[in-house]
Amino acid sequence: MSDFAVIGIAFTCSCPAAWIQHGDSCYHFSHDKESWGEAFTFCKILGGYLVEIGTEGEAKYIENQVNMFNDKYWVGASDVLVEGEYIWMTSMTNVSYANWGPGQPDNSGTNENCVEIWTSKEWNDGPCSNTVRYICESDMRLGFSRN
Ligand SMILES: [Ca+2]
Ligand SMILES: [Ca+2]
C-alpha cells in the first residue's frame with residue numbers, strides 16, 4: 001500500500017482496547033501497581049510513555065479520571081536528577097503546570113522524587129519505589145498506526 005493509505009488509516013484510528021481517547025492522545029490507566037521505574041518501562045513496552053501533562057486542561061482531564069478510578073497514579077515527572085527541579089522524564093522538559101497538594105512537594109524523608117496524583121486530584125512527590133497504579137499516554141498517530 002502507498003504511504004498515503006497508511007496516513008489515511010492513522011487519522012481515522014481510535015485507541016486500542018484498554019486505552020481511552022482524549023484530545024490527540026490515548027491514555028491507559030493501569031490496574032497493576034508498580035514502582036515508578038517499572039511503570040516507566042511498562043508504558044514503553046505498551047507503545048507509549050508514562051503520561052506527561054502539558055496543560056491545565058490535560059491535567060483536569062487526568063485528575064478527574066484519577067478521582068473516578070479512586071486510586072492514586074504515577075505520572076511521568078521526577079526530580080531524581082536535581083532535587084526540587086521537576087522534569088517530564090520522557091521528553092526531558094520542565095514541569096510547567098502542576099497542581100501540588102498542600103505542602104507538596106515536600107521530599108519527605110529526603111526520599112521522594114517521583115510524582116503521583118491523588119484521588120483528591122492533587123499532586124504529590126512520593127518514594128519512587130512505592131508500588132502505585134500508573135498512566136501511560138500515546139500519540140495515536142505515532143503510537144498505534146504504523147504496525
Ligand atoms: Ca525530591
Ligand atoms: Ca510528598
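This is a predicted model: local features need pLDDT of at least 70, side-chain atom pairs count only at pLDDT 80 or more; totals for chains, interfaces and linings use all residues.
Reader: Leaving aside neighbours within four places in sequence, which residues is Phe40 in contact with?
Author: Residues are numbered from 1 along each chain as its sequence is written, while chains are lettered from A and ligands numbered from 1 in the order in which they are written. Phe40 lies in helix H2; helices (H or I, at least four residues) and strands (E, at least two) are DSSP runs numbered from the N terminus. Contact means C-beta atoms, placed from the backbone, within 7 Å, and on that basis Phe40 is in contact with Leu50 and Met89.

Reader: Why does Phe40 count as buried?
Author: A residue is buried if 20 or more other C-beta atoms, placed from the backbone, lie within 10 Å of its own, exposed if 12 or fewer, and partly exposed in between. Phe40 counts as buried because its C-beta neighbours inside 10 Å number 21.

Reader: How far is the C-alpha of Phe40 from that of Ile135?
Author: Along the chain, these two are 95 residues apart. In the model, their C-alpha atoms are separated by 9.3 Å.

Reader: What residues does Ile135 touch, not counting those up to four places away in sequence?
Author: Ile135 is among the residues with the most contacts inside the largest nonpolar core, a group of 30. Such a core is a set of buried Ala, Val, Leu, Ile, Met, Phe, Trp, Tyr and Cys residues joined through C-beta atoms within 7 Å. Past its sequence neighbours, Ile135 touches Tyr27, His28, Phe29, Val51, Ile62, Tyr73 and Val75.

Reader: And H3: which elements do its buried residues pack against?
Author: The buried ones in H3 are Ile62, Glu63 and Val66. Down the helix axis they fall within an arc of 100° (taken from the directions from the axis to the C-beta atoms), so they line one face. Turned away from that side are the exposed Gly57, Asn64 and Met68. The buried residues pack against E4, E7 and E9.

Reader: In E8, which residue is the bridge partner of Ile117?
Author: E7 and E8 form a hairpin with five residues between them. They pair (at least two DSSP bridges) in the antiparallel sense over four bridges. For Ile117, the partner in E8 is Trp123.

Reader: Where does pLDDT stay under 50?
Author: For the chain, the mean pLDDT is 90, and 86% of residues reach 70 or more. The stretch under 50 is residues 7-12.

Conventions
pLDDT is the predictor's confidence in each residue, from 0 to 100. Two residues are in contact if their C-beta atoms, placed from the backbone, lie within 7 Å.
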